[in-house]
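User: I want to check the labels on this structure against their cut-offs. Please show it first.

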Amino acid sequence: MSEHAMSDSPNKNASGLDRGEVTDVSDLHAAVLRERPDPIEGREPLNLWMVVFVAALLFWAGTYLTHYSGGFRADEFSERQINPLPPPSESGPSTEDPTTKSAKEGMAVFLAQCSPCHQADGNGVSGQFPPLAGSEWVLAEGPNRIIRIVLNGLSGPIQVKGSDYNGVMNGFRDSMDDKQIANVLTYIRNSWGNKAGLVTPAEVATLRAATKDRTEAWVPADLLKLPVSGGDASAAAPASGGLSPEALKEALKKLPPDELKALLQGLGN
Amino acid sequence: MSPIGILLLFGAMAVPVVALACLRWAAKNGQLQNGDRGALLPFDLEEPLDKATDQILNRKSAKS
Amino acid sequence: MPGELADEGQRRAMLAEIDSSCRAPVLFFVISGLAWLLLGTLLALVTSIKLHSPGFLAGWDFLTFGRVRPAHLNAVIYGFASQTGIAVTIWLMCRLCRVPLISGGLIILAAIFWNVGLTIGLIGILAGDSTAIEWLELPGYSTPILFFSYALVAVWSIITFRLRRESHLYVSQWYLLGAILWFPWLYATAQIMLILEPVRGTVQAAINWWFAHNVLGLWFTPIGLAAIYYFIPKVIGRPIHSYYLSVLGFWSLALFYNWNGLHHLIGGPMPAWMITVSVVASVMMLIPVITVAINHHFTMVGHFGKLRYSPTLRFVVVGALCYTATSLQGVANSLRSYSEIVHFTHHTIAHAHLGLYGFFTMVMFGSLYYIIPRISGREWPSLGLISIHFWGCFLGLVLYVVPLSYGGILQGLAMNDATVPFMKVVEGTLPWLKLRTFAGLLMALGHVAFVGNLVWLLARVFGPYRKPVVAILSGTETPAIAGK
């Protein structure tokens, strides 16, 4: 094929002319002249609705970025953390209620360490991870059992709010210090409608020392033998210590009347 | 940071800078103004405006 | 009329000169691209069959799923799509810059290197040398060859651009130049940060998804859009609806697209803001997408009848529709609440094919139907094969994307339901996967028809002269005699 392949090409049309060849130059321009007067084609200005649409999108983008960016912090992994907490060093001496302050600091720990299983709303996952909100374990009078759970973890069948769970939770003895554990427990005990008071780092430190030789996770059944508040591993556990109020009521109903009377007298003393 | 890391960082920063420089060039050069002329660029004498091309599946006229 | 040469005859001669100067280099890229297409289709079928019949070809370790799938991906991405894309880029650049192709030997050299590098890489993947990083599976010893070849093409494009005889740029040229400059940035960054000098931890995942998403959006998308912007006006003989809209579309793509990618890691251990920024950037993609869709639609209005007669227009318009569809689907997929359902399901696979096959591949087919007769000087020998090609690919595409998207949503809902056992979910996907193999067969039929038609055409180019079947390239002139 020669260099001018197309103009020499055998694509002849009916009139015998080469493809694209036109006999009259004014014919040639006719098409263009016909099209030219039409002012719309090729330069339709931007539609007003398009401008409105772009503006609306930009507005949405700003809103979304503000709400779901976790404060643009490199250590914030949950987009639902709307107002990230200032780093602890920045918070000066405050007159805040110690429980509120501790709970605030515990929130970050909770979102990082606990919320993947127990969820940010503390409701757990049905059938897999027990809830913390309204849990009788969390709301118990003292934190004796739950501190142990956080320190060493938990393994085996457990009943929470009337449902059965059977999973494994790892312990945080080596990865959290006393203050972190106290804060996160205070947060758990005072969030999502829970109201169960402050957990102090001292309480955690006492139990950490008391159970320092323990390496395996707690079994719920063993924990139930321990008192809900105070005491350490050596304290004797009353038989009914670990039952939920409902279960306790049931158990009490089954007792013969005279034994029940004796028990009540004992408690009164 | 390794030299390669610095290179990549500058590369990443250069991309938007180059893009904005191109936009500036286009605006100064009149590329964004003459929309009429821009829109007519694909057309030439062989395949002119207002004439459909590539109608090769036109069987009816092919048989006639 | 645009152009600066005064003499019409000289200009017409120049156009013919441009087309014929493109012949050998463009055809080289096209033919090798289509060879990879056939191989890629074959690998795709093997992969697809293995998903519902795991025993199929299980005896050879080089044909195990973990090797065939990346081999398919790389064959179609770097073998077919990139090479055809480069061929179309070269032709469009020459035409729009109004200069004949310079140093064709350099382009052919680049094509040879590209194919050698890719062959080595594909053999490496099948032999078990894959890097196991999605979209970058080609082993480290083959990628420098590809990069060298690419550099030749890029340098050639920039020189051609500098030599242009038409000072005003058409929107297609913006897209093509963007693609040519974005691709080396993406590819080099990903190669260095993942393979040569790997970064640590979750940053790898971030880089990987940034690359995988942007190679679609900043390499294939601009080439595809450049072709659409050229061929729709060209075939129907009417300028684009609004040149301003097309400029807005290009610049919003240029400024927003490379923020995309990390929304694939929703739920992953990435700082929340990185994913959020990506989600926002994905949604902002609505601007270029809707701009392009409006522009193409209003250009086509009143000319849809021409779809019946022009294979180029058919393929390109289907591609343009798929571009809109896949982009809107992509925006939905990037939203957190929706991503929770469809991520890790076959929905994503359908989405990727709607983009790369429905949009890019269809546009490339359409472009080739226009380009090849012009650079070879011969018409397509068989109209029947063109129809088989179109309907095979189109029906295959519909049967692939629609059921698999739907099946993917069902799969995602089932996977999110803790009460459904995993094996039950897997069994639930089987009908969709079988349907996909069938759709793949239809596509394969289309590809074979296309390649057959091309081989037939080329046999005429190189063989003794024969009269073309139809000679209506311009307008409605009556065609020449059919057959010999």
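User: How many residue pairs are in polar contact across the interface of chain B and chain C?

Analyst: The model is predicted. Across this interface, 4 residue pairs are in polar contact, both residues at pLDDT 80 or more. Salt bridges there number 0.

User: Which elements of chain B supply the side that touches chain C?

Analyst: α1 (3-28), α2 (35-40) and α3 (59-63) of chain B each give at least two residues. The largest share, 11 residues, comes from α1(B). By class, that side has 23 nonpolar, 12 polar and 8 charged residues.

User: What is the area buried between chain B and chain C, and how many residues are in the contact?

Analyst: The buried area is about 4800 Å², and carbon and sulfur atoms give 65% of that. On the chain B side, L41(B), I56(B) and L57(B) lose the most area to chain C, together 16% of what that side buries. The contact takes 43 residues from chain B and 58 residues from chain C.

User: What makes up chain B itself?

Analyst: Chain B has 3 helices and 0 strands. The order from the N terminus is α-α-α. Of its 64 residues, 44% are buried.

User: Why is H296(C) called buried?

Analyst: Buried means under 20% relative accessible area. H296(C) has 6% relative accessibility, so the label holds. This residue sits in helix α10 (residues 286-300) of chain C. Beyond its neighbours within four places in sequence, H296(C) contacts L225(C), I228(C), Y229(C), I232(C), I240(C) and A320(C).

User: Why is L196(C) called exposed?

Analyst: Exposed means over 50%. L196(C) has a relative accessible area of 61%, so it qualifies. L196(C) belongs to helix α6 (residues 171-196) of chain C.

User: What do the side chains of R208(A) and D178(A) form?

Analyst: They meet in a salt bridge, 2.7 Å from N to O. R208(A) lies in helix α7 of chain A and D178(A) in helix α6 of chain A, so the pair ties together parts 30 residues apart in sequence. R208(A) is buried at 18% relative accessibility.

User: What makes R95(C) and D19(C) a salt bridge, and are they buried or exposed?

Analyst: Their closest N and O atoms are 2.7 Å apart, and the cut-off is 4 Å. R95(C) lies in helix α3 (residues 65-97) and D19(C) in helix α1 (residues 8-21) of chain C, so parts 76 residues apart in sequence are tied together. R95(C) has a relative accessible area of 2%, so it is buried. D19(C), at 0%, is buried.

Technical notes
Residues are numbered from 1 along each chain as its sequence is written. Chains are lettered from A and ligands numbered from 1 in the order in which they are written. This is a predicted model: local features need pLDDT of at least 70, side-chain atom pairs count only at pLDDT 80 or more; totals for chains, interfaces and linings use all residues. Side-chain values use heavy atoms; hydrogens and water are left out. Contact means heavy atoms within 4.5 Å. Buried area is the accessible area (1.4 Å probe) that two parts lose on being put together, summed over both. A polar contact is a pair of N or O atoms within 3.5 Å; within protein, one must be able to donate a hydrogen and the other to accept it, and residues adjacent in sequence count only if both atoms are side-chain atoms. Helices (H or I, at least four residues) and strands (E, at least two) are DSSP runs, numbered from the N terminus. Ala, Val, Leu, Ile, Met, Phe, Trp, Tyr, Cys and Pro count as nonpolar, Asp, Glu, Lys and Arg as charged, and the others, Gly among them, as polar. Buried means under 20% relative accessible area, exposed over 50%, partly exposed in between (1.4 Å probe, protein chains only).
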